[in-house]
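Here are my notes on this model, point by point. Please read them with the structure open.

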Amino acid sequence: MTDRSLTVGTVQITAVCDVTGDFPAPLEQAFPQVEAAAWAPWRQRHPEAFGGPGRWRLRDWCFVVRGRDRVVLVDTGVGGPGAPGATWIGVPGQLPEELTAAGVEPDEIDLVVLTHLHLDHIGWNLAWDGDQALPMFPRARYLVQRSDWELFASRGEDAREAFDRCVAPLQALGVAELLEGDRTLDAELSLLHTPGHTPGSQSLLVRSGEEAALLWGDVANHPAQVGEPDWGPGSDVLPEVAKGTRRRLLDQLETEGMWLAPAHFPEPFGTVTRVDGARRWTGRT
């Protein structure tokens with residue numbers, strides 16, 4: 001059983017899994033630059049990150065961060081039945097049930113940090129009363145980088161469905177806050193602009209006492225990318241920027257020995273270390 005809770009100084013981080021499923025496209029499409037044979041050692045090292053033949057099995061982790069002064073939810077998963085993200089992956093998400101099981105009430109959340117606006121990170125932003133959209137987390141402000149908002153708002157009609165349904169109403173409801181770059185939330189929590197996967201991708205850095213953890217969304221989607229940071233998924237909007245961001249953050253994680261909380265790895269918490277001279281992801285189980 002994966003340990004779902006991590007203590008960083010005085011901050012408690014709880015992982016909740018909205019959904020587990022095979023990525024809809026085969027690996028050769030999900031990572032179009034990577035030869036099929038190159039996955040073999042990674043399949044041996046991280047079997048839980050692979051599903052059916054030629055498939056990547058992903059978890060959709062969201063994180064509840066309890067600091068001294070606020071409760072933060074990082075990302076909101078694929079959403080419920082009929083949500084664009086749930087339709088995409090073929091399985092509805094379970095975030096409300098997961099939050100209840102973790103002892104978290106929706107009205108406890110002070111901030112929702114959206115690491116980026118892909119459809120598997122925004123699905124539970126809203127609740128619906130008939131045609132009326134309401135914030136799923138009624139007390140929260142939703143923090144989004146402006147560059148992501150502007151990109152997803154301007155995409156073609158098909159690609160914009162998830163934005164129009166799950167994100168755009170936040171502005172009309174007065175709960176969206178658009179950021180431009182880094183933002184210090186308090187003495188222990190700060191947002192870092194970590195672009196590449198999308199222009200406005202952002203990560204939550206937790207520092208408390210002598211400990212630190214980085215919740216980085218989709219800076220890397222698969223544990224193989226820790227050892228192969230130049231491997232990028234087709235979903236990286238700015239591939240070269242994404243490679244640079246991955247390398248920079250992996251250097252920092254290794255040098256400082258901080259915890260990493262990725263959105264789609266088999267385990268929600270782990271470390272970046274050297275094994276036989278090569279950089280590897282070691283999940284905490």
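This is a predicted model: local features need pLDDT of at least 70, side-chain atom pairs count only at pLDDT 80 or more; totals for chains, interfaces and linings use all residues.

1. Start with the contacts of Ser208. Setting aside residues up to four places away in sequence, Ser208 touches Val8, Gly9, Thr10, Val11 and Glu188.

2. Where does Ser208 sit? Its place is in strand S12, which covers residues 202-208. Ser208 counts as buried because its relative accessibility is 4%, and the cut-off for buried is under 20%.

3. Next, the nonpolar cores. The largest has 30 residues. Which of its residues have the most contacts inside it? They are Ile109, Val112, Leu117, Phe137 and Tyr142. Several elements each supply at least two residues of this core: strands S3 (57-66), S4 (71-74) and S8 (141-145), together with helices H4 (95-101), H5 (146-153) and H6 (161-166). The largest share, three residues, comes from H6. As background, nonpolar side chains in soluble globular proteins tend to be buried together.

4. Beyond residues up to four places away in sequence, Tyr142 touches Val112, Asn125, Pro135, Met136, Phe137, Leu170, Val175, Ala176 and Glu177. Val112 and Phe137 are, with Tyr142, among the residues with the most contacts inside the largest core.

5. Another core lies apart from the largest one. This other core has 24 residues, among them Ile13, Cys17, Leu189 and Val206.

6. Now Leu249, found in helix H9 (residues 239-256). Is Leu249 buried or exposed? Leu249 counts as buried because its relative accessibility is 1%, where buried means under 20%. Leaving out residues up to four places away in sequence, Leu249 touches Thr194, Leu214, Trp216 and Val219. For a reference distance, the C-alpha atoms of Leu249 and Ala15 are separated by 21 Å, and the two residues are 234 apart along the chain.

7. How many cavities of 30 Å³ or more does a search of the whole structure find? The search finds one. About 40 Å³ of space lies in the largest cavity. Its lining consists of Trp61, Phe63, Val74, Asp75, Thr115, Leu215, Trp216, Gly217, Ala261, Pro262 and Ala263. By class, that makes eight nonpolar, two polar and one charged residues. Trp216 links this point to the previous one: Trp216 lines the largest cavity and touches Leu249.

Key
Residues are numbered from 1 along each chain as its sequence is written. Side-chain values use heavy atoms; hydrogens and water are left out. Helices (H or I, at least four residues) and strands (E, at least two) are DSSP runs, numbered from the N terminus. Buried means under 20% relative accessible area, exposed over 50%, partly exposed in between (1.4 Å probe, protein chains only). Contact means heavy atoms within 4.5 Å. On a 1 Å grid over the protein atoms alone, a cavity is a set of points where a 1.4 Å probe fits but cannot get out, and a pocket is an open set with protein on both sides within 12 Å along at least five of seven lines; lining residues have an atom within 4 Å of a point. Grid points are joined across faces, edges and corners, and a volume is the space filled by probe spheres set on the points. Ala, Val, Leu, Ile, Met, Phe, Trp, Tyr, Cys and Pro count as nonpolar, Asp, Glu, Lys and Arg as charged, and the others, Gly among them, as polar. A nonpolar core is a set of buried Ala, Val, Leu, Ile, Met, Phe, Trp, Tyr and Cys residues joined through side-chain atoms within 4.5 Å.
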